[in-house]
Amino acid sequence: MLRTIGRRLLLLLPTLFGLTVLLFFWVRALPGGPAAALLGERATPEAIERINEAYGFNRPLPEQYVTWLGKLLQGDFGNSIETRRPVLEEFANRFPATLELSLVALIIAVGVGIPLGYWAARNHGRLFDHLSVGASLLGITIPVFFLAFMLKWLFAVQLGWLPTTGRQDRGIDATHVTGFYLLDGVLTGELDATWNAFIHLLLPALALATIPLAIIVRITRASVLEVVNADYVRTGRAKGVSSQVIRNRFVLRNAMLPVVTTIGLQAGLLVSGAVLTETVFAFPGIGSFLAGAIFARDFPVLQGFVLFIAVAYALINLIVDISYSVIDPRVRIQ
């Protein structure tokens, strides 16, 4: 197992190297160069010259790339053009908020999606199955930002049940240890702070979980229907194996492989898809910070975010591959 993990991590290095090359030349290929794109309407020859000199854009491209890559390997992603602070520091401050939001959204998507998809397959062709398929199709087609606005308008503005923005009320006196507000309240015994953080998380997490939940429902339903009709399930029934054993060992365990793959892909998408959700709810995570960086043409932040998402996807895929051997012993043997 350790050898497999090490080999996968080594195979990750060429991918990340290729990504750094693409990112580097993407910025340099902008119309008029990165300095002109950064300045926008304020671009004058003198201003462009100052930016090129300050950021080294006037140096030979190989030299620029080697310098930039050397800094990356040392953990230096550059400074944000907008805030003048190190990109890695900005990400470290905002990452707990985005991770907390993504984890809650993933728990909702998995906790609701797998049972719903399973029961839809068990009731194939009946009313519950048709309603589940229709609801999942609706969940996939509704844009995240539109659903976020609707949830905010209904539950926060009209009903006043939930807060509209932020991670916690400004007036609450909470101690932050790890940056994960739900966990901090538990560790410090401030359960009122945990509850306050949870109700702030609920609406954005529901909006963010909608599309993954709908996809997991459809994949689980299709996978269970495929396994139910497999030869080994019919053989087990013919031999008199109990329904519970068939359901737990034969059906669910074998149907989980494509579902786990889907969950892994959706987990990566949750982090990248948090941009719109965090913007709508003014949630102070990486997503809202990235949205501001896009409008400000903050290239160091954009490059750092793309690299962050690439590493996150690679690690999630590695975890998914490891989980295969836990779910299906045949994968472990191979």
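The protein has 14 helices and 0 strands, where helices (H or I, at least four residues) and strands (E, at least two) are DSSP runs numbered from the N terminus. This is a predicted model, in which local features need pLDDT of at least 70 and side-chain atom pairs count only at pLDDT 80 or more, whereas totals for chains, interfaces and linings use all residues. Residues are numbered from 1 along each chain as its sequence is written, and side-chain values use heavy atoms, with hydrogens and water left out.

**Overall dimensions and surface**
- Along the principal axes, the C-alpha atoms of the protein fill a box of roughly 85 × 55 × 40 Å.
- The accessible surface comes to about 18400 Å², of which 66% belongs to carbon and sulfur atoms, the areas being taken from the Shrake-Rupley method with a 1.4 Å probe and, for residues, with only the protein chains shown counting as cover.
- Of the 334 residues, 43% count as buried, meaning under 20% relative accessible area, with exposed set at over 50% and partly exposed in between (1.4 Å probe, protein chains only).

**Domains**
- The protein is divided into domain 1 (1-74) and domain 2 (87-331), with bounds that come from an automatic or database domain assignment.
- The contact between them takes 20 residues from domain 1 and 16 residues from domain 2, where contact means heavy atoms within 4.5 Å.
- The centres of domain 1 and domain 2, taken over C-alpha atoms, are separated by 32 Å.

**Annotated transmembrane regions**
- An unreviewed UniProt entry places the feature "transmembrane region" at residues 101-121, 133-155, 197-217, 255-275 and 306-327; UniProt positions are given in the numbering used here, feature names are shortened, and annotations may be inferred rather than shown by experiment.
- In the model, residues 101-121 are 100% helix and 0% strand, with end C-alpha atoms 30 Å apart.
- Residues 133-155 are 91% helix and 0% strand, and the end C-alpha atoms of this span lie 26 Å apart.

**Tyr181 and its surroundings**
- Tyr181 is found in helix α8 (residues 181-188), and it counts as buried because its relative accessibility is 17%.
- Beyond its neighbours within four places in sequence, Tyr181 is in contact with Glu100, Arg167, Gln168, His176, Thr194 and Ala197.
- A distance of 9.1 Å separates the C-alpha atoms of Tyr181 and Asn196, which are 15 residues apart along the chain.

**Helix α12**
- Helix α12 (residues 286-296) has Ile286, Gly287, Phe289, Leu290, Ala291 and Ala293 as its buried residues.
- Arg297, which follows α12, has a positive phi, near 55 degrees.
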